[in-house]
Amino acid sequence: MSDSIASKVFDIEAVRADTPACANFIHFNNAGASLAPQPVVEAMIAHLALEARIGGYEAQALEDGKIENTYDSIARLIGCRRHEIAIIENATRAWDMAFYAMRFSAGDVILTSTAEYASNFIAYLQVTKKCGAEVRLVPDDGAGQLDVEALEGMMDGRVKLIALTHVPTNGGLVNPAAAVGHIARSHGIPFLLDACQSVGQLPVNVDDLGCDMLSATGRKYLRGPRGSGFLYVRESMIEQLEPPMLDLHAATWTDEGDFSIRTDARRFENWECNVAAKIGLGVAADYAQALDPAVTGPRIQCLAAHLRDCLSIVPGVTVHDRGAEMCGIVSFSLKDVAADRVKAALAARKINVSVSPAAWTLIDMTRRQIPSLVRASVHYYNTEYEITQFCASVQAITPTGA
Ligand SMILES: Cc1ncc(COP(=O)(O)O)c(C=O)c1O
């Protein structure tokens, strides 16, 4: 297998051996859900087996160390402290717990980008419609990323939150989160970062990025379980944010007329959870950390750049990615073939991709007049050989290439 992108410190054969399904098909749907490595799968299966053998509560008590380790693993991965982490069932709910904890009034402004994820934007609309606050879009610069100078120019006394999607769901763009964090800090404004597609893909350090809140999911580039995610909240912000919902894990019922809320980030969690997934999430964070995002991140970017180059010479293909910096998500369309037909034709050739419809990043897609995109997202366990196979398959399904 030719793979000249592999560096000395990255052992592609070992990583693929940990991902046995790689041998059976080409998985370019890592922005949907990655293939989990064996240690993650084994940790979850072991916990489910233990639950079946001794009981769910009993298994939880026995494996408390592994469960607690997940907080340490995530904290190491993103450069924070364990009490700043809440483990939540997905990125959307994690983001929601932070966003809906903020208090907005008439006249307040939320600044955000044009490539926001639909669930985030729906939340902006719900909240601003109710209270009379306003959501304002920071324009893109010439490269297609959030225009940092324009953001600086939009900062005024009404701005109460800057919220940004680091890597949008619909393409290779990497928004300049650290520059945004710098502006947020210099104005003392909270910064909420949706890092759902970037954690596990790029090096993510909350201090370098200057974010106060960050949400992420387990199943995408982190290679963790489905139904897992987390929220980071900077220590100085935790007690300022009252979660929109509380339960007996997030708060304590102290007497008939009162309760007190936890002082750590677990105030954003709820009591019942998928314990096997929680353990698996920690194993995934350890796995990502051991491979080192400073090594795997550039590899993913090189593979994606190679994929874009190869795709762009396939007749009928338009590659749509924008940004001064690009990541592992490659978005394209094929002339006269709808995106879902491309996906189905590739699936018939044992290649997984996904489709990103306009409604998931409505503003960006409407402005670019793109109804839907094929999203081919590579991970570090993919290879140049797979890219060659992939492009040959795309060529074969073009109306003239069959
Ligand atoms: C940028 C972005 N944010 C948030 C989400 C939502 O993540 P989850 O499905 O884990 O809630 C996604 C999912 O695709 C995403 O791409």
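Student: Anything to know before we start?
Tutor: This is a predicted model, where local features need pLDDT of at least 70, side-chain atom pairs count only at pLDDT 80 or more, and totals for chains, interfaces and linings use all residues. Residues are numbered from 1 along each chain as its sequence is written.

Student: What is the strand order in the open sheet of four strands?
Tutor: The order is β11-β12-β15-β14, with antiparallel pairing. Strands are DSSP runs of E, at least two residues, numbered from the N terminus, and two of them pair if DSSP finds at least two bridges between them.

Student: Which strands stand at the edges?
Tutor: β11 (317-319) and β14 (354-357); each has a single partner strand, so one side of each lacks a neighbour in the sheet.

Student: And how many bridges join β11 to β12?
Tutor: Three. V317 stands opposite L334 in β12.

Student: New topic: which residues surround the ligand?
Tutor: Among them are N90, Y117, D194 and G229; a residue is near a molecule if its C-beta atom, placed from the backbone, lies within 6 Å of it.

Student: What about phi of R223?
Tutor: Phi is near 65° there, a positive value in a non-glycine residue. R223 lies in the loop between β7 (213-217) and β8 (229-233).

Student: Is R223 buried or exposed?
Tutor: R223 counts as buried, with 29 C-beta neighbours inside 10 Å. The cut-offs within 10 Å are 20 or more other C-beta atoms for buried, 12 or fewer for exposed, and partly exposed in between, with C-beta atoms placed from the backbone.

Student: And D336?
Tutor: D336 also has a positive phi, about 65°, but D336 is exposed, with 10 other C-beta atoms within 10 Å.
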